[in-house]
There are 2 protein chains.
Amino acid sequence: MRAVGRIWKNSGKLADGREIIYFDESPGLGRAEVRDGRKLAAIPSKWGPPESGLRWDPLAGEWVVIAAQRQDRTFLPPPEACPLDPSAPGRPTEIPAASYDVVVFENRFPSLRGAADGRPAPGLDTTSGLMVEYPAHGRCEVVCFTADHDSSFAQLSPGRVRTVLEAWADRTEALGAMPGISQVYCFENRGEEIGVTLHHPHGQIYAYPFVTPRTRRMLEMAAAYTARTGGNLFDDLTAAEVAAGTRMVTRNGEWIAFVPAAAKWPYEVMIFPARRVPRITELDEAARDGFAGLYLDVLHRLDALFGAPLPYIAAWHQAPSGPGHEEFAAHLQVLSVRRAPGRLKYLAGSESGMGVWINDIMPETAAQRLREVL
Amino acid sequence: MRAVGRIWKNSGKLADGREIIYFDESPGLGRAEVRDGRKLAAIPSKWGPPESGLRWDPLAGEWVVIAAQRQDRTFLPPPEACPLDPSAPGRPTEIPAASYDVVVFENRFPSLRGAADGRPAPGLDTTSGLMVEYPAHGRCEVVCFTADHDSSFAQLSPGRVRTVLEAWADRTEALGAMPGISQVYCFENRGEEIGVTLHHPHGQIYAYPFVTPRTRRMLEMAAAYTARTGGNLFDDLTAAEVAAGTRMVTRNGEWIAFVPAAAKWPYEVMIFPARRVPRITELDEAARDGFAGLYLDVLHRLDALFGAPLPYIAAWHQAPSGPGHEEFAAHLQVLSVRRAPGRLKYLAGSESGMGVWINDIMPETAAQRLREVL
């Protein structure tokens, strides 16, 4: 791992062979040596047809992940059965150790699993058939931010946020180096309103075996922008937002946060580092040090909007894995489906059928509320 | 309108100038002559910046509709205040007449409104700026399927479904001929679970001033398929589904219904006419006659799945307006967010952030359940 001098990384195995990695804020805790005493059936080394896999949508030109094995996954367990708590005597959980700072492990109900087996990774533009199946190679990991079941990301200390950031960087590097992995995606779903099935504060990491539609489109738009103007799309966009000011939410010396001019969601914040890097792994020390203050500020503002924790999705956009794509700007998008107290934004006919988003809240109004709410 | 010899179309105006059109199953009812006695403030002739408008998303390469005026729209009124019931003495509604068969009127809280004013319709690929605004030209209409507040589309008679189909065809033709309209979209949202704010059985029609991302992508995929194989993507896809059989749901001589191989939603059915036409307007009499039987069959199967009315979105995919695009195949996509009793499919991190759908139900399993449920 990166020698940042602040965290200690140790890997172990769970009872069914899944990898677990502790990111500790102090040395010598021996957490990875604690044995997982559960009897768990081994899970298949990979998912493939027919029970699951990637399917090609020939009308949309996209891969869809079919993951029938996930239908029975853990669903809103009572607090005393939370699988993300540390283990306690008589109550083994997914984390064998008696405590942890940040811990990452392979999801027990993954959508993507296993390394590519020599067949080429699916190419989005070379598929010629109508019904193409491909093994759902990849990896799904769970990131627990704190051992405290009742906490939330917004309540983490700045030091803990820094540890989470290091874990994201570590996983981006490690998973991006796996055979057949095209892209690593770190994200957090927060709130039952968006389908969260476990309340313990946690995020997820997906390692996809293809470049996702959203990222592919951004790369296309960035290339077209450079061809048209000679500039960099992300640099010019962030500079324009800073200059306009009307959609800015907050900033510090290392990061800026703004509501995008064409926001699709009632409350949506884009967080960019001041200096463009394509992946989290390439953030320098100053950017890493500055992240916690700005991100916690944004989350506090979002939670203050309606006087209750806001359901949100926090999505780390990164360039495809490996070197290159220096033109891409890694950024964190936080979006919320709440449009007013007790009212959610749904994806209805226009969004789900046609891909046209309708937003009832002016982006400038959303930004002003977020600036003034604290 | 098309002289189908079965319905009588009459247009009138509501108190604030909005158009209302009755599609009657018998002549001489004089419904459009009933005056709307309400005092309603006139609504602006169009929506434009700054209060609303189209905004260009430079990272996604898509238009987003900002419609701040809709935040205060009617939200789940009690049954006695339903604005889609016919008017009664002392209770004026959006429909002045004392009854109706099928009625269409301009939405009081539209996202799109007004005709293009001479400026060119926005071109998706010619926009060079980072923050482009454009008036939200277009039209949003409401389609009431029946005067019976407690009914549903699945409970309509075949004759009434035929009348609705004629109304869709009429509006596709009329709105497609409006200046600056690129595409007409007929759809129904059903169920509070997907954000429906009025329970009275109704659908909507959007006339967009641009070709939507979903349609644009389908046209691109169809062109690439023809370049690659010489065949038509839609013809070959539907023929392949009929031949495979494993995802077929039901069919008659004029229509087929199947679950797509790469279904994105737990229950998703694609309904194609046996003979490809680019728009509803081009369906022949035999296809129009055959539609009700098949569609009602599909809806009955969906409602039988969980023993309760299924929340769904029914989306009519059509070619862009005007002549041409003969290669496109109009089809009706019905998708549901329910994955199990009491459990919904949410758009979480992978879908909302990366555009990668994960479906927990095998399409073949969904099709088998739909085949066997009745």
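Predicted model: local features only at pLDDT ≥ 70, side-chain atom pairs only at ≥ 80, totals over all residues.
Residues are numbered from 1 along each chain as its sequence is written, while chains are lettered from A and ligands numbered from 1 in the order in which they are written.

**Figure 1. Overall view of chain A.** Chain A contains 6 helices and 17 strands; helices (H or I, at least four residues) and strands (E, at least two) are DSSP runs, numbered from the N terminus. Its C-alpha trace spans about 55 × 50 × 45 Å along the principal axes. For 374 residues a compact globule would have a radius of gyration near 21 Å, and chain A agrees, with 21 Å. That radius is taken over C-alpha atoms, and the globule rule is 2.2 Å times the number of residues to the power 0.38. Among contacts in chain A between residues at least 6 apart in sequence, 69% join residues at least 24 apart; a contact requires C-beta atoms, placed from the backbone, within 7 Å.

**Figure 2. Strand S5 of chain A and A:Val103.** Strand S5 (residues 102-106) of chain A is mostly covered, with 5 of its 5 residues buried. A residue is buried if 20 or more other C-beta atoms lie within 10 Å of its own, exposed if 12 or fewer, and partly exposed in between, with C-beta atoms placed from the backbone. A:Val102, A:Val104 and A:Glu106 point one way from S5(A), and A:Val103 and A:Phe105 the other way. S5(A) runs antiparallel to strand S2 (residues 19-24) of chain A, joined by 4 bridges, and A:Tyr22 has A:Val103 as its bridge partner. Strand S7 (residues 139-144) of chain A is likewise joined to S5(A) by 4 bridges in the antiparallel sense, with A:Cys144 as the partner of A:Val103. Two strands pair if DSSP finds at least two bridges between them.

**Figure 3. Surroundings of B:Val64.** B:Val64 is buried because 22 other C-beta atoms lie within 10 Å. Leaving aside its neighbours within four places in sequence, its contacts include A:Ala262, A:Trp357 and B:Arg55.

**Figure 4. Contact between chains A and B.** The contact takes 63 residues from chain A and 62 residues from chain B. Helix H2 (residues 213-229) of chain A gives the most to the side of chain A that touches chain B, with 8 residues. Strand S4 (residues 62-67) of chain A and strand S17 (residues 358-359) of chain B pair in the parallel sense over 2 bridges, and B:Asn359 is the bridge partner of A:Ile66.

**Figure 5. Open sheet of chain B.** The sheet has 11 strands in the order S1-S2-S5-S7-S9-S8-S13-S14-S12-S11-S10, with antiparallel pairing. Its edge strands are S1 (8-13) and S10 (248-251) of chain B, each pairing on one side only. Strand S8 (residues 183-190) of chain B is joined by 4 bridges to the antiparallel strand S13 (residues 312-317) of chain B, where B:Ile313 is the bridge partner of B:Asn189.

Note on methods: Contact = placed C-beta atoms within 7 Å.
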